[in-house]
Amino acid sequence: GGARLQRREWNRNLPQIGRDRDVPGMPPRHVGTPDGRALRTGVLLTVAAASMWGISGVVMKQIMHDGLAPQALLVLRLGGSAIVTGLLILLWRPRAFSLPRRFWVTVIVLGCFVASLQYLYYLTVRATNVGTAVFLEYLAPAFIVTWGWTQRRQSFDRWSASAVITALAGSFLLVAGGGELSVPRAALLTGRVSALTRTVQALLS
């Protein structure tokens with residue numbers, strides 16, 4: 001009946017999610033240059049998110065220093081976020097849960113990558129400090145650019161190279177602070193794996 005036809009339409013359009021087509025049952029994509037108000041709002045939200053993320057790293061380090069295990073912190077943070085987000089969706093957009101089974105598989109896989117990424121980040125912070133953990137995790141952009149260049153034959157011009165080098169150099173200076181950068185082996189391992197995990201997550205998103 002109608003439900004079967006809608007499911008077929010979903011399956012036909014799923015490969016296009018995140019590309020250039022609208023998906024039935026979901027809000028239409030707005031492609032194009034944002035206006036001034038939307039751009040300002042986006043910039044403010046980005047700055048606010050980055051600030052909160054930075055503050056959360058310092059608070060998290062102190063909480064783990066006081067004795068809370070990374071596993072417990074992971075459950076509290078991701079579990080609390082899932083509950084709050086789920087309640088908000090139920091209140092404002094309950095139809096968002098009416099997704100085909102194929103799409104839920106993608107959501108679960110990405111959720112596993114997010115949980116793994118957070119856990120590795122917590123382990124790195126516990127073994128060293130927030131700045132070093134951030135530097136190691138954000139080797140991911142370099143991995144993504146390299147993957148696109150080698151596997152997708154995407155252009156790797158001087159601007160791309162300059163962006164990657166500048167980002168890595170700035171992160172290194174932020175972490176080293178003019179002194180020597182000493183990273184324990186355990187932190188180096190978890191940090192590198194977290195960078196690879198973030199790379200895979202970004203490529204799957």
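How much of the accessible surface of the chain belongs to carbon and sulfur atoms? The share is 64%, out of an accessible surface of about 14300 Å².

**Figure 1. The whole chain, a predicted model.** The chain holds 8 helices and 0 strands. Read along the sequence, its pattern is α-α-α-α-α-α-α-α. It has 205 residues, and 21% of them count as buried. Among contacts with a separation of 6 or more, 72% join residues 24 or more positions apart.

**Figure 2. Confidence along the chain.** Mean pLDDT for the chain is 76. A value of 70 or more is reached by 77% of the residues. Helix 3 has the highest confidence, at a mean of 87. Helix 1 (residues 2-13) has the lowest, at a mean of 51. Over residues 13-27 the pLDDT is below 50. Beyond near neighbours in sequence, that stretch still has 25 contacts in the model.

**Figure 3. A nonpolar patch on the surface.** Four residues form this patch: I83, L87, L90 and F97. Together they have about 390 Å² of accessible area. F97 sits in the loop between helix 3 (70-92) and helix 4 (101-127).

**Figure 4. Helix 6, residues 140-151.** This helix has 12 residues. From its first C-alpha to its last it reaches 16 Å, close to the 16 Å expected at 1.5 Å a residue. Its buried residues are A140, A142 and G148. After helix 6 comes R153. The phi of R153 is positive, near 55°.

**Figure 5. Helix 8, residues 185-204.** Why does the span of helix 8 agree with its 20 residues? At 1.5 Å a residue they should span 28 Å, and the end C-alpha atoms are 29 Å apart, so the two values agree. Buried residues in helix 8 include A187, T190, G191 and S194. A195, T197, T199 and Q201 are also buried there. In an α-helix, residues three or four places apart point the same way, because there are 3.6 residues a turn.

**Figure 6. The packing of helix 8.** Which helices do the buried residues of helix 8 pack against? Their partners are helix 4, helix 5 (130-137) and helix 6. Helix 6 has buried residues of its own, one of them G148.

Technical notes: Residues are numbered from 1 along each chain as its sequence is written. This is a predicted model: local features need pLDDT of at least 70, side-chain atom pairs count only at pLDDT 80 or more; totals for chains, interfaces and linings use all residues. Side-chain values use heavy atoms; hydrogens and water are left out. Helices (H or I, at least four residues) and strands (E, at least two) are DSSP runs, numbered from the N terminus. The expected span of a helix is 1.5 Å times one less than its number of residues. Buried means under 20% relative accessible area, exposed over 50%, partly exposed in between (1.4 Å probe, protein chains only). Patches are made of residues with over 30% relative accessible area and no salt bridge: like charges are joined within 9 Å, nonpolar side chains (Val, Leu, Ile, Met, Phe, Trp, Tyr) within 5 Å. Accessible areas come from the Shrake-Rupley method with a 1.4 Å probe; for residues, only the protein chains shown count as cover. A salt bridge is a side-chain nitrogen of Lys or Arg within 4 Å of a carboxyl oxygen of Asp or Glu. pLDDT is the predictor's confidence in each residue, from 0 to 100. Contact means heavy atoms within 4.5 Å.
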